[in-house]
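Reader: I would like to learn how to read a chain fold and a chain-chain interface. Please take me through one case.

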Amino acid sequence: MKIELQAVSARHPAARDGAPAALRALDLRVADGESLAVIGPSGAGKTSLLQVLACALPPAQGRFTLDGVAPWALPRRALQGLRGRLFLAPQVPPLPPRQRVVTAVLAGRLPAWGLLASLRSLFYPSDIPAAHDALARFDLADKLFERVDRLSGGERQRIGLARALLAPARLWLIDEPLSALDPTRAQQAMATLVGVARERGITLVATLHQVDMALAHFPRIVGLRDGAVAFDLPTAQVTPELLKQLYAQHEDELHGPAPELADPAPTAALPVVMHCR
Amino acid sequence: MNASARPTPQAAALRDPAWAGRVFWIGATLVLLWPLGVATEFRPWLLLQPDSLRVSGHFMASFMPPAMAPDFLRLVARETWRTVAIATAGITLALCIAWPLTLMSTRVLSISALSGRMARGPFWLRQGLRWVLIVLRSVPELVWALVFVRVVGLGATAGVLAIALTYGGMLGKVYGEILESGEAHVTEALLRNGGGRLQAFFYALLPQNAAELTSYTVYRWECAIRSSVVLGFVGAGGLGQQMDNSMKMFNGGEVATMLLVFMALVALADHTSAWLRRALG
C-alpha cells in the first residue's frame, strides 16, 4: 500500500491544551511493498505516526493518503473497510486473558470474515493449520490451544505479531514489536516479519527502540525527533553521527536497550458493585 | 537534655495530618443522619418493649415446628418448581431484552469514538436506548405484575412478564457498565483493524468480561427468585402465593417450611455462581 504524508500535524485527543503537537509538519512517502523502520528517542512521535497511518488518529493538518485515497474523506463504512486492509499491532498485545491462543491469532482474519463465519470459528476454529503455521514462525506452535493468560509477556507479544500473518492486510504497522523479547527471539521475530512482508509484497512500517535491529533488518531508516523527520535514508547511509544527533540528550536509549514498557499481565475487568434493591 | 524534652517539632511532624478531616467528616455524617432518623421515625427501642416482645414472640413461636405433612410438602415442591420456573423464564426473557439494548448502547463498541468524539447520530441513539433502560427498570416489578395480572389474569405469566421487563432494564444497565469498566484496549485494537462491532464483541469484549457477566446474571436469577415471592403476594403464582395464603391463615409452620426452601434456593444460586466463576476464571 502506498503512503503519502504531506506536512501532517497531529495531536492526541487526550493531550492537554498547549502541549506541543505529537507530529509537526511531517512529510513521508512510502512506496508499495517497501519496508522501513522508524527510530527515535522516547516521545519523538513514533507511536503517533503509526496511529495516523492506521487511521486511528485523524491528522489536524496536512495531507494524508493511502493508495491515493484520503481516508478521512471516506464515509464511515468505507473507512472501516479500509482499516480492514491495515494491520496495527500495538506495543501491548491486545489479547483477552481467557481467550485461547488459536482464537486470538485467528482474530486477525476478522475483517475478511462475515459475522457468521466468525461465530462459526468460535465454535470450531476455522483455519487451524494457518494459525499453526503463523505460530510456528514465531516458535510458538506448541501453544496453539493454551490460554493467553498462562503465557509469558514475550510469548504474548509474539502471538500479537503472529496475528498479523493472518490479517488480510496490505500494510503492517508494528509498534515496538521487540520490547518484551530476548535478543534471539527478537532476531527471529524481526526476520520473520520483514521476510513475510517482502514475500507477500506487504508494506511494513515498524517503530523500533533497538537501533541495531533496525539497521540489521530494514533497507530504509526514518529518524524521528520532536514530531518531525530528522533523517530519512537508505540504511547504508545512516552514520553514527546522525544517530548521535538523533538521540542527543537520550544517549542511554541509543546504547542500551530502552527502558522496557511494563507489560502488565492481562487482567479481568474490575468487579462492578452489584445491587439488588 | 533528656529524650522527653527534645522532640516537640518532630512530634508535630509525625502527627497524622488527615486526622482533623476524618473527625470532621464523622461528625458531619452524624449531624446529617440525625434529621433522617427523625423523619423516618426510627425508634428501635420500641422493639424491646414488653408488648412488642410478646407479639413478635408469639409470631416467631408459631414458626415451630415447620409444617412437614406429606401433602403439604408435595404442594411446596410443586410451587417451588413453579417459582424456579418463573424466575428462570423471567430472566431468560430479560436477557432477550437486555442484550440487544446493551450491545447497541455500549460506548466501547462505537467505531466513530475510536478517533475522538462519537458522531452525533450514534451518540443520541445510545442515549435514547439508555433512557429506554431507565424506564424499564424504574417501574418496580410489583407494579408491572399488578398491570399484567389485570391483563393476563392470575398466575405465573404475569410474574414472568413483570420480571422480564424490570430485570431487562437492570441487566441492560449493569451489563453496559461491566463492559465499559473493563480494559478497552483489546476491543479497540480489533475495531481499529477493521473488525465489525459484533465481531469485536465476540472476540474481545465477551471473553474479557465473561466471568463478571455470568456471576451477575446468576445473582440476578437469585434476586428474581426472591422477587417472585413478592409477586406471588399479588397473585402472580408460585411459592409467594402459597406463603400469602399461609400468612393469612396464621399458619407459621407452613411459612417456616417455605422460608427454609427459599434459603436452600439462595444457597444453590450462590454455589452455582461460585462454580461458574471458577469454571470461567
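Author: We start with conventions, then take chain A, one of its residues and the interface.

Author: This is a predicted model, where local features need pLDDT of at least 70, side-chain atom pairs count only at pLDDT 80 or more, and totals for chains, interfaces and linings use all residues. Residues are numbered from 1 along each chain as its sequence is written, chains are lettered from A and ligands numbered from 1 in the order in which they are written, and side-chain values use heavy atoms, with hydrogens and water left out.

Reader: What is the secondary structure of chain A?

Author: Helices (H or I, at least four residues) and strands (E, at least two) are DSSP runs, numbered from the N terminus. Chain A has 10 helices and 9 strands.

Reader: How does the radius of gyration of chain A agree with a compact globule?

Author: The radius is taken over C-alpha atoms, and the globule rule is 2.2 Å times the number of residues to the power 0.38. For 277 residues the rule gives a value near 19 Å; chain A has 19 Å, so the two agree. Its C-alpha atoms fill a box of roughly 55 × 45 × 45 Å along the principal axes.

Reader: Is A:Thr235 buried or exposed?

Author: Buried means under 20% relative accessible area, exposed over 50%, and partly exposed in between (1.4 Å probe, protein chains only). A:Thr235 counts as buried because its relative accessibility is 17%. This residue sits in the loop between strand E9 (228-234) and helix H9 (240-246) of chain A. Across chain A, 52% of the 277 residues are buried.

Reader: Which residues is A:Thr235 in contact with?

Author: Contact means heavy atoms within 4.5 Å. Leaving aside neighbours within four places in sequence, A:Thr235 touches A:Leu215, A:Phe218, A:Pro219, A:Arg220 and A:Ile221.

Reader: What is the area buried between chain B and chain A?

Author: Buried area is the accessible area (1.4 Å probe) that two parts lose on being put together, summed over both. Here it is about 3,500 Å², with 58% from carbon and sulfur atoms. In chain B, B:Arg192, B:Asn193 and B:Tyr203 lose the most area to chain A, together 23% of what that side buries.

Reader: How many salt bridges are there between chain B and chain A?

Author: A salt bridge is a side-chain nitrogen of Lys or Arg within 4 Å of a carboxyl oxygen of Asp or Glu. The count between chain B and chain A is 0.
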